[in-house]
Amino acid sequence: MTTVLITNAKILRDGQLRSMEILIKAGRIAAIAPQVAVEASTIDQRFDVGGAFVSPGLVDVHVHLRDPGFTAKETLATGTLAAARGGFTTVGAMPNVDPVPDTPQRVAAQVARNQAEGHVHIAQYASITTDRTGDELVDFAGVKAAGAFAVSNDGSGVQTAGTMLQAMRGAAQAGLPLAAHVEDDSLTAHGVMNAGPIA
Ligand SMILES: [Zn+2]
């Protein structure tokens, strides 16, 4: 049972930043106080964080790890090390990888790699439709059972309202949150500005 003492930490309490010590026993916070009562000889590790802000781990529900398929941009290791550096202990990985996690088998393979190579917790998105840009819905119950926590076609909008309606019904039935990339290609015409005096 490891006992850790963090000293000189700033934490948010009652709406104010206060200087505190945090005592952690066996992975759980045991005490937070200006000076915690603890026998010095029982402390295994002591960290003076020099007045740094200490908070629960942050969560980012929209990240691009790009691994596999686009590892020149990011890998599971580099993306999650950057997350850890910034205080993020859980990230939601979008399915804009190749192959797209659009079947239970592909989701299971991705989740296994995430657990082996990630430096923080990775919650994995499956796509809403096959290959992330197709019109055929994924097997929502199957991808959930394989470890997906939500579905999204990140980077591409589902292009027909009828498909999106079925997707929302199917995702709801499976208990999967659906994160929509709301872009209708019939309106955007590959542009990035509205027609008008500013453009
Ligand atoms: Zn994105």
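This is a predicted model: local features need pLDDT of at least 70, side-chain atom pairs count only at pLDDT 80 or more; totals for chains, interfaces and linings use all residues.

A: Residues are numbered from 1 along each chain as its sequence is written, and side-chain values use heavy atoms, with hydrogens and water left out.

Q: How is the protein chain divided into domains?
A: Domain 1 covers 3-48 and domain 2 covers 58-183; the bounds come from an automatic or database domain assignment. Their centres, taken over C-alpha atoms, are 36 Å apart.

Q: Which residues of α2 are buried?
A: Val-107, Gln-110, Val-111 and Asn-114 are buried (under 20% relative accessible area, with exposed meaning over 50%; 1.4 Å probe, protein chains only). They lie on the same side of α2, because they cover an arc of only 100° around the axis, based on directions from the helix axis to the C-beta atoms.

Q: And what is exposed on the other side?
A: Gln-105 and Ala-116 are exposed there.

Q: What covers the buried residues of α2?
A: The cover includes α1 (76-85), β7 (121-126), α3 (140-145) and β8 (148-152), where contact means heavy atoms within 4.5 Å. Helices (H or I, at least four residues) and strands (E, at least two) are DSSP runs, numbered from the N terminus.

Q: Changing topic, which residues line the largest cavity?
A: Among them are Leu-65, Asp-67, Met-94 and Gln-110. Gln-110 is also one of the buried residues of α2.

Definitions and conventions: On a 1 Å grid over the protein atoms alone, a cavity is a set of points where a 1.4 Å probe fits but cannot get out, and a pocket is an open set with protein on both sides within 12 Å along at least five of seven lines; lining residues have an atom within 4 Å of a point.
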